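Here is a short briefing for a first look at this structure. Keep the sequence and the 3D view at hand while reading.

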Amino acid sequence: MRYVYPPPESGADVRLSYYWELLQAALDETTSKWGTYELQPSPKVMNAGRAELLLGASTDISVMARTTSIAREQALRPIRIPLDKGLTGYRLFLIKAETQARVDGVRTLEQLQSLSIGQGATWVDTEILRASGFTVVTAPTYELLLPMLDSNRFALFSRGVNEISHELATGSQTYPTLAIERRLLLYYPLPRYFFFARTPEGERLAQRAEEGLRLLIKNGKFEKRYQVFKKSILNELNLSGRRVFTIHNPQLPADTPLAERELWDTLEPELRARP
């Protein structure tokens with residue numbers, strides 16, 4: 001069985017490394033039943049939108065890890081297990097340091113909506129934010145967004161808490177005024193799943209991966225991996241005392257397993273204000 005996933009969009013892009021390591025662990029759990037497998041990146045560089053088209057056509061890749069949407073689940077076969085327990089839906093902002101003074105006065109959702117947000121053109125976040133009244137400035141590729149932020153094309157670059165620290169570390173080498181906004185957090189439910197083509201082979205690949213993930217959940221290895229991942233990404237972030245804004249996600253499919261609370265992380269201890 002051959003699992004081919006999209007390669008990083010740039011040499012410094014490690015945003016999805018955790019997910020491919022998790023997939024490898026899931027496939028390892030099922031080797032006794034399903035046999036050997038191959039797991040490797042495609043040699044072809046592609047952005048997220050192109051990857052989705054190629055997966056749907058069963059060309060070049062056979063799996064991707066993406067946030068979900070109604071349209072995506074109609075086109076592709078999801079495994080409805082939030083791979084990062086919903087962390088991607090907890091959003092902080094990359095900004096130019098000089099922008100912090102403007103953001104300090106934000107007290108209401110309406111005030112936050114007055115600040116433009118940068119996102120990828122094919123990201124589901126773009127439609128979520130626009131549906132809640134935000135002005136969203138888009139770019140066709142991830143690599144264009146930091147230079148656009150640096151050029152004041154938008155005020156805020158919305159990033160998941162699982163992405164932002166590494167992006168600051170790598171981006172500040174080129175853009176030294178880059179900073180993480182210190183006072184706000186935006187939340188909407190946004191699970192990231194593994195997706196496969198809606199073909200017989202895609203279904204077979206999905207069944208094995210799902211079986212492996214559920215074995216990892218049952219034996220505690222999923223949670224152990226998640227906690228290591230969570231600690232590594234939140235270690236340098238100060239979430240406590242932030243003003244939290246929650247918005248609706250109209251792109252969330254009805255089959256999202258929101259009632260299975262063990263699949264989600266609320267970040268309640270991390271968000272609780274210090275005494």
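Helices (H or I, at least four residues) and strands (E, at least two) are DSSP runs, numbered from the N terminus. By that count, Ser58 lies in the loop between helix α3 (48–56) and strand β3. This is a predicted model, in which local features need pLDDT of at least 70 and side-chain atom pairs count only at pLDDT 80 or more, while totals for chains, interfaces and linings use all residues. Residues are numbered from 1 along each chain as its sequence is written, and side-chain values use heavy atoms, with hydrogens and water left out.

**The chain as a whole**

- The protein chain has 12 helices and 12 strands.
- Its radius of gyration, taken over C-alpha atoms, is 19 Å, close to the 19 Å that the globule rule gives for 275 residues, so the chain is as compact as a globular protein of that length. The globule rule is 2.2 Å times the number of residues to the power 0.38.
- The C-alpha trace spans about 55 × 40 × 35 Å along its principal axes.
- Of the 275 residues, 54% count as buried. Buried means under 20% relative accessible area, exposed means over 50%, and partly exposed is in between (1.4 Å probe, protein chains only).
- Contact means heavy atoms within 4.5 Å. Among contacts between residues at least 6 apart in sequence, 80% join residues at least 24 apart.
- The accessible surface comes to about 12,500 Å², and carbon and sulfur atoms account for 51% of it. These areas come from the Shrake-Rupley method with a 1.4 Å probe.
- The chain carries 35 positive and 32 negative charges, and their mean positions are 2 Å apart. Lys and Arg count as positive, Asp and Glu as negative; His and the chain ends are not counted. Each charge is placed at NZ of Lys, CZ of Arg, CG of Asp or CD of Glu.

**Helix α3 and its start**

- Asn47 sits in the loop between β2 (38–41) and α3. Asn47 is partly exposed, at 25% relative accessible area.
- Asn47 caps the N-terminal end of α3, with a side-chain oxygen 3.3 Å from the backbone nitrogen of Gly49.
- The Asn47 side chain also reaches the backbone oxygen of Pro140, at 3.4 Å. Such a polar contact is a pair of N or O atoms within 3.5 Å; within protein, one must be able to donate a hydrogen and the other to accept it, and residues adjacent in sequence count only if both atoms are side-chain atoms.
- Asn47 and Asp104 are 57 residues apart in sequence and 34 Å apart in space, C-alpha to C-alpha.
- Within α3, the buried residues are Ala48, Gly49, Ala51, Glu52, Leu54 and Leu55. They pack against β3, α4 and β11 (192–196).

- Just after α3, Ser58 takes a positive phi of about 55°, although it is not a glycine. Most residues other than glycine have a negative phi.
- Ser58 is partly exposed, with a relative accessible area of 43%.
- Ser62 is in the loop between α3 and β3. Ser62 counts as buried, at 15% relative accessibility.
- The side chain of Ser62 reaches the backbone oxygen of Arg2 at 3.2 Å.
- Not counting residues up to four places away in sequence, Ser62 touches Arg2, Tyr3, Val4, Leu55, Phe195, Phe196 and Leu205.

**Helix α7**

- Helix α7 covers residues 124–131, and its buried residues are Val124, Asp125, Thr126, Ile128 and Leu129.
- Their cover includes β3 (64–67), α4 (70–75), β5 (90–96), β6 (117–120), β7 (136–139) and β10 (184–187).
- Gly133 follows α7, and its phi is positive, near 90°.

**Two other loop residues**

- Thr30 lies in the loop between α1 (17–29) and α2 (31–34). Thr30 is buried, with a relative accessible area of 1%.
- Leaving aside neighbours within four places in sequence, Thr30 is in contact with Gly35, Arg208, Glu211, Gly212 and Leu215.
- Leu267 is in the loop between β12 (243–246) and α12 (268–271). Leu267 counts as buried, at 0% relative accessibility.
- The phi of Leu267 is near 55°, a positive value in a residue other than glycine.
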